[in-house]
Amino acid sequence: MDPFGTYKKVVSARSTLKEVLKKAQDGGIVSTAFIYGLENNLLDGVIVADNAGEFRAIPKVATTPEEVLEAAGTKYTVCPNVSVLKSAVREYGCEKIGVVGTPCQVRAVRKLMKYPIGFRHIPDKISLIIGIFCMENFPYYGLKLIVEEHCGVKMEDVVKLDIGKGKFWVYTKWGETKAVKLKETHPYEQIACHVCTDYTAELADISTGSVGSPDGWSTVFIRTTKGEEIFNKMVEDGYLEVKPIEEVKPGLGLVEKLALTKKEKNLKEIEHRKELGLPVPY
Amino acid sequence: MVKVAHVQLCSCCGCLVSLADTYEKLLDVLNSIELVYCQTLADAREIPECDIALVEGSVCLDDHHSLEVAQEVRKKAKIVVALGACAATGGVTRYSKGNQLSKPVHSSFSPLTEVIKVDLAIPGCPPSPEAIVDVITAALNGDMEYLHPFAELAENGSEACGCDVIYKVVNKSLCMGCGTCAAACPTRAIEMEDGRPNIIKELCIKCGACSVQCPRIRFPELIEKIE
């Protein structure tokens, strides 16, 4: 089974922007790419998941680097980013849009570009699609339950959430760190995630995630010509530091393992649904 | 030259406006389109033999002209395309007339797909210019893989409603909250609440854009090819 989908190259990378690294989840790739795009007129609007307080995620059209920075960091809950795509064009007047999304959202964007039935004059305005690695997502109240009941932290006290090393981590504003095994969080996963076999956002221009790279760095797949162009420019202009993926630990092997785990598990679920007579996307 | 006809039944002309929005692009890209019939834009009075008929609007069952035109199109055209929600699913003429009142004795409107055999159906109110171009281009190139979802809609789709995304996706635990349906809706009848679509039924015009755009109902394999 092909774990990663089409890509030109894969590297480990980190932002060189201090203000991004302060707020970023890992290597700050998404924020940096969007800031770079906005500053250099490659993008004039980007769709991001903003923090609407207590880690509620809300889609937002950001048109300045400051707005991108405000939205930095992973939210671990559902954020309907595609829902504001038309608004970015019609209300914000954007013509070169960057979109960040989970693999399922990236697929939705690719579908609407190929079959733009309800998207008049939108497909040609999507300039960059960044995908983030994703095993599953949590509905907001699922997330809240994990944080408050399992980790014993109030949502209002959380400054950062993270998944890594088999655990779900909660960092509080009092400087505490709490963690639970990922296994404990499984019951709160969004069930619809279980028919998805895409871990590394295989249809994005650029996909990124922490897995495979050391702390503070991100693994980055450069998949399309468009993605390659902007990525190379970012490196040339000093916005990103890059290391060959072969030289970092834990390396691509771990990404492959997790990607295949997701595919195998969810392909089984798809078969199971078929046996029950439930529909699956086709 | 590929002969294209635009035929209007019971509709507002919005789909033609959308088609016209691309017409230069069609000429640029293909240089092989001849618009042989289009009552709004050209003088031809009779529907001639043609390769592709883009039929806009639903069929009024209380008006024999409407039925006759529908049948004539089927005879004259090799490929009949139900262009837009009214022809594909009935749209506003069938389910949500609002303040666009028809002639009082005209009360029954059926989508073209229920009256004659239709080859391809493009939902949407109106379908985007890009979608119309893509379908015509694929039809000219015989790209059946691309057209397959539209052929399915022509065969099965005689109804559409915002409720589709509730019944077929949310209720089947397939919705992951991407929000595409909300963006696709031309009347903002869908708002996302807790990562799920909420359909405001007073605003829904039954155009089918939300469900046809949903990646969790249909995700044609060809989308997986990226460059």
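These legends describe close-up views of a predicted model with chains A and B. Residues are numbered from 1 along each chain as its sequence is written, and chains are lettered from A and ligands numbered from 1 in the order in which they are written. Because the model is predicted, local features need pLDDT of at least 70 and side-chain atom pairs count only at pLDDT 80 or more, while totals for chains, interfaces and linings use all residues.

**View 1. Chain A touches chain B.** In this view, 41 residues of chain A are in contact with 39 residues of chain B; two residues are in contact if their C-beta atoms, placed from the backbone, lie within 7 Å. Helix 4 (85–90) and helix 5 (103–114) of chain A each give at least two residues to the side of chain A that touches chain B. Helices (H or I, at least four residues) and strands (E, at least two) are DSSP runs, numbered from the N terminus. Helix 5 of chain A supplies the largest share of that side, eight residues. By class, the side of chain A that touches chain B has 25 nonpolar, nine polar and seven charged residues. Ala, Val, Leu, Ile, Met, Phe, Trp, Tyr, Cys and Pro count as nonpolar, Asp, Glu, Lys and Arg as charged, and the others, Gly among them, as polar.

**View 2. Helix 7 of chain B meets helix 8 of chain B.** Val135(B), Ala138(B) and Ala139(B) in helix 7 of chain B meet Tyr146(B), Leu147(B) and Phe150(B) in helix 8 of chain B. The residues of this contact are six nonpolar, no polar and no charged.

View 3. A residue is buried if 20 or more other C-beta atoms, placed from the backbone, lie within 10 Å of its own, exposed if 12 or fewer, and partly exposed in between. Gly277(A), with a positive phi near 80 degrees, follows helix 9 of chain A.

**View 4. Val2(B) in strand 1 of chain B.** Val2(B) lies in strand 1 (residues 2–8) of chain B. Val2(B) counts as partly exposed because it has 16 C-beta neighbours inside 10 Å. The C-alpha atoms of Val2(B) and Asp51(B), 49 residues apart along the chain, are separated by 6.2 Å.
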